[in-house]
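Trainee: I am new to this structure, and I would like to learn how its descriptions are reached. Could we go through some of them together?

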Amino acid sequence: MDVAFQASLFDHVEEVGLTSFDSIRRTQLTDGAWIDLLPGWLTGADLLFERLAAGVPWRAERRPMYDRVVDVPRLLGFYDEDDVLPDPVLLDARSTLTRHYADELGEPFRTAGLCYYRDGRDSVAWHGDTIGRGSTEDTVVAIVSVGAPRELLLRPRGGGPSTGHALGHGDLLVMGGSCQRTWEHAVPKRSRAVGPRISIQFRPRGVR
């Protein structure tokens, strides 16, 4: 069941911008992994959702799975380091994240990947960003969410208890240290009606 996008009651800002990192909260995980969480980092997030939903050239993909080819259950957009980002605030966000995590990351965020979860049927399975350097090196991946909240789950690689974070309306979640190698994350399907969400992932060069 599709649900129309409903704006947040707390986001009446008519300009899109960024707040400070003063209230960011870090959680240490196991094996050298950590996450940072900052609710509402992006102001005017509902306006940005509408701009991205209308302006990004979203594409649907099909991928082989076992003995058949299936639809990827979300729409995708990817901007490499030399591409023009689809909204000026994404350039500001990427630059601000680069400055904030300069000591830990040691290099700039370069790319922006976007996922459009249209409703509860769209999802992403358990995985780590281990295509490229993330399979062997510590790195930092920053996720900004706009639109309706969806739960992002985290669990140790290989299984174990998971923790969830409902992300939407400008929330920032950053995964760092060994998180891509030693932990997994997922956005599960939901049988109940949920609104659309766009996830924006900033990564350094060579991490997918």
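Mentor: Gladly! Keep in mind that this is a predicted model. Let us begin with Phe21, which has a relative accessibility of 14%.

Trainee: Why does Phe21 count as buried?

Mentor: Buried means under 20% relative accessible area. Phe21 has 14%, so Phe21 counts as buried. Trp41, with a relative accessible area of 0%, is buried too.

Trainee: How many aromatic pairs does the structure hold?

Mentor: The structure holds four aromatic pairs. One of them joins Phe21 and Trp41.

Trainee: What makes the pair of Phe21 and Trp41 tilted?

Mentor: The ring centres are 5.4 Å apart, and rings pair if their centres lie within 6.5 Å. Planes under 30 degrees apart count as stacked and those over 60 as edge-to-face, with the rest tilted. The planes of Phe21 and Trp41 stand at 35 degrees, so this pair is tilted.

Trainee: Which parts does that pair tie together?

Mentor: Phe21 sits in the loop between β1 and β2, and Trp41 in the loop between β3 and β4, so the pair ties together parts 20 residues apart in sequence.

Trainee: Why is the pair of Phe49 and Tyr116 called edge-to-face?

Mentor: The cut-off for edge-to-face is over 60 degrees. The planes of Phe49 and Tyr116 are at 90 degrees, with the ring centres 6.0 Å apart, so the pair is edge-to-face. Since Phe49 belongs to helix α1 and Tyr116 to strand β8, the pair ties together parts 67 residues apart in sequence.

Trainee: Which residues of α1 are buried?

Mentor: In α1, residues 45-55, the buried ones are Ala45, Asp46, Leu48, Phe49 and Leu52.

Trainee: How do you know that the buried residues of α1 line one face of the helix?

Mentor: Looking down the axis of α1, the buried residues fall within an arc of 155 degrees, so they line one face. On the other side, Ala54 and Gly55 are exposed. The cover over the buried residues includes α2, β8 and β15.

Trainee: What makes Arg26 count as lying over the face of Trp34?

Mentor: The charge, taken at CZ of Arg, must be within 6 Å of the ring centre and within 35 degrees of the ring normal. Arg26 lies over the face of Trp34, at 3.6 Å from the ring centre. Likewise, Arg208 lies over the face of Phe78, at 4.0 Å from the ring centre.

Methods
Residues are numbered from 1 along each chain as its sequence is written. This is a predicted model: local features need pLDDT of at least 70, side-chain atom pairs count only at pLDDT 80 or more; totals for chains, interfaces and linings use all residues. Side-chain values use heavy atoms; hydrogens and water are left out. Buried means under 20% relative accessible area, exposed over 50%, partly exposed in between (1.4 Å probe, protein chains only). Helices (H or I, at least four residues) and strands (E, at least two) are DSSP runs, numbered from the N terminus. The arc is that of the directions from the helix axis to the C-beta atoms. Contact means heavy atoms within 4.5 Å.
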